[in-house]
Amino acid sequence: QVQLVESGGGLVQAGGSLRLSCAASGSISSAGPMGWYRQAPGKERELVATITSGNITNYADFVKGRFTISRDNAKNTVYLQMNSLKSEDTALYYCNGFISVSGRVSFRYYWGQGTQVTVSS
């Protein structure tokens, strides 16, 4: 079994910064691409950023230049540094990982429970 646990969310003023962390634990054999998604009230879940095991990154246009995704493969942890936060960044942020479990060849997607980010204007 694999668990993804996010942390680092909170309340911040517009223009401020937060750093989210997501640690994957369990019987992990290999972690492929990992990423962050977010869902605001009344809206669909949307991609924020992804990163491969080789550190190739991809960002949604609305966070380019403000957010930075990174990972520590040894710790199976992915981070999201969020700077210049705006009120429209307010959402529940979810971690996602494409992971294979020890003893199995196939990969599957796992999700965390989410961490709330609230930006006050």
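1. In which strand is Arg38 found? In this predicted model, Arg38 belongs to strand E4, which covers residues 28-39. Its relative accessible area is 5%, and because buried means under 20%, Arg38 counts as buried.

2. The surroundings of Arg38 deserve a careful look. The side chain of Arg38 makes a polar contact with the side chain of Asp89, at 2.9 Å. Leaving aside residues up to four places away in sequence, Arg38 touches Glu44, Arg45, Glu46, Val48, Phe62, Val63, Phe67, Glu88, Asp89, Ala91, Leu92 and Tyr93.

3. The next point concerns aromatic rings. A pair of aromatic rings is described by the distance of the centres and the angle of the planes. The count of aromatic pairs comes to 4. For Tyr94 and Trp111, the ring centres are 6.5 Å apart and the planes stand at 85°, so this pair is edge-to-face.

4. Tyr94 has a relative accessible area of 12% and is buried, whereas Trp111, at 38% relative accessibility, counts as partly exposed. Together with Tyr37, Tyr94 and Trp111 form one aromatic cluster.

5. Charges over rings are a separate matter. The charged end of Arg19 sits over the ring of Tyr79, 4.1 Å from the centre of that ring, and Arg108 lies over the face of Tyr110, at 4.0 Å from the ring centre.

6. As to the chain as a whole, there are 0 helices and 11 strands, so that the order of elements from the N terminus on is β-β-β-β-β-β-β-β-β-β-β. The radius of gyration is 14 Å, close to the 14 Å that the globule rule gives for 121 residues, so the chain is as compact as a globular protein of that length. Along the principal axes, the C-alpha trace spans about 50 × 25 × 20 Å.

7. Some totals complete the note. Buried residues account for 40% of the 121 residues, and of the contacts between residues at least 6 apart in sequence, 55% join residues at least 24 apart. The chain exposes about 6400 Å², of which carbon and sulfur atoms supply 47%.

Technical notes
Residues numbered from 1 in each chain as written. Predicted model: local features only at pLDDT ≥ 70, side-chain atom pairs only at ≥ 80, totals over all residues. Heavy atoms only, no water. Helix = DSSP H or I, 4+ residues; strand = E, 2+ residues; numbered from the N terminus. Buried < 20%, exposed > 50% of the residue type's maximum accessible area, 1.4 Å probe, protein only. Polar contact = N/O pair within 3.5 Å; in protein donor to acceptor, adjacent residues only side chain to side chain. Contact = heavy atoms within 4.5 Å. Phe/Tyr/Trp six-rings, centres within 6.5 Å; stacked < 30°, edge-to-face > 60°. Lys NZ or Arg CZ within 6 Å of the ring centre and 35° of its normal. Rg over C-alpha atoms; globule rule 2.2 N^0.38 Å. Areas by Shrake-Rupley, 256 points an atom, 1.4 Å probe, with all protein chains shown as cover.
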